[in-house]
Every structure is written in structure tokens, then in C-alpha cells.
Amino acid sequence: MGEKTTTGKADRPKRPIEILRDRLGGVSKELQASVKEQGRIRKLLRGALAGGPRTVPELGAQCELPTTTVLWHLMAMRRYGQVVEAGEAGDYVRYALKGSE
């Protein structure tokens, strides 16, 4: 762990993550594409939820995404406090952006 190489940024030592990326050859194109796609989907969902609370099927139809994908992303967004449950519509839970419910 004694690598004292520098990044060219004011001659500071490399952080462990930078050393690991160097050793592994950087971040793969597949991982970059996956992260970009996740960001795109979450942006779509936030945009749809900005119009008010929605159910998973409503979000799927509005964003043209499979409901399994919508649910997966909503659960991640809920876990990190971006989305909250905002009542029910029949058998479905409505979700809203935190602070807009």
C-alpha cells in the first residue's frame, strides 16, 4: 500500500480507489453504460413523480418501462429517502417524491 505515485493534481498521493482503478485498467464500458442507464431511468421516474403521486403501473406506462424495472428503481429511491409512499389506489401503493407528498 506504499504506492506514492501522484495523479498530477498538485502532487498529492493517489487515493486507494485511484490505485485500484489503475491496477484493474479503469472502469469497464459495461459498468459505465449501466450507471448511465440507471441515472436515465431515475431521472424519468423523478420527472413523472413531479406531476404527483403515481402507482408502479402508472409510472411504467408513462415512462414506457417494464413495471419490474420501475419497482426496482423505486425501492432503491425509497431506501435512500428520495421517494415515499403516498397512500393507495386500489390494490396499488402510490409513490411520491419526498417533500412533495
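Predicted model: local features only at pLDDT ≥ 70, side-chain atom pairs only at ≥ 80, totals over all residues.
The largest nonpolar core contains 14 residues. Those with the most contacts inside this core are Leu45, Leu49, Leu59, Val70, Leu74 and Val83. Helix 2 supplies the largest share, with four residues. Leu74 illustrates the packing across the sequence. Beyond its neighbours within four places in sequence, Leu74 is in contact with Leu49, Val56, Leu59, Val83 and Tyr95. In soluble globular proteins, nonpolar side chains tend to be buried together.

Charged pairs were examined next. The count comes to five salt bridges. One of them joins the side chains of Lys14 and Asp22, with an N to O distance of 1.9 Å. Another links Arg40 and Glu37 at 2.8 Å, N to O. Both Arg40 and Glu37 belong to helix 2. They are three residues apart, about one turn of the helix. Arg40 has a relative accessibility of 41%, so this residue counts as partly exposed. Glu37 is also partly exposed, because its relative accessible area is 34%.

Arg78 pairs with Glu85 in a further salt bridge. The closest N and O atoms of Arg78 and Glu85 lie 2.8 Å apart. Arg78 counts as partly exposed at 37% relative accessibility. Glu85, at 46%, also counts as partly exposed. Side chains of opposite charge can pair when their charged atoms come close.

Technical notes:
Residues numbered from 1 in each chain as written. Heavy atoms only, no water. Core = buried A, V, L, I, M, F, W, Y, C linked by side-chain atoms within 4.5 Å. Buried < 20%, exposed > 50% of the residue type's maximum accessible area, 1.4 Å probe, protein only. Helix = DSSP H or I, 4+ residues; strand = E, 2+ residues; numbered from the N terminus. Contact = heavy atoms within 4.5 Å. Salt bridge = Lys/Arg side-chain N within 4 Å of Asp/Glu carboxyl O.
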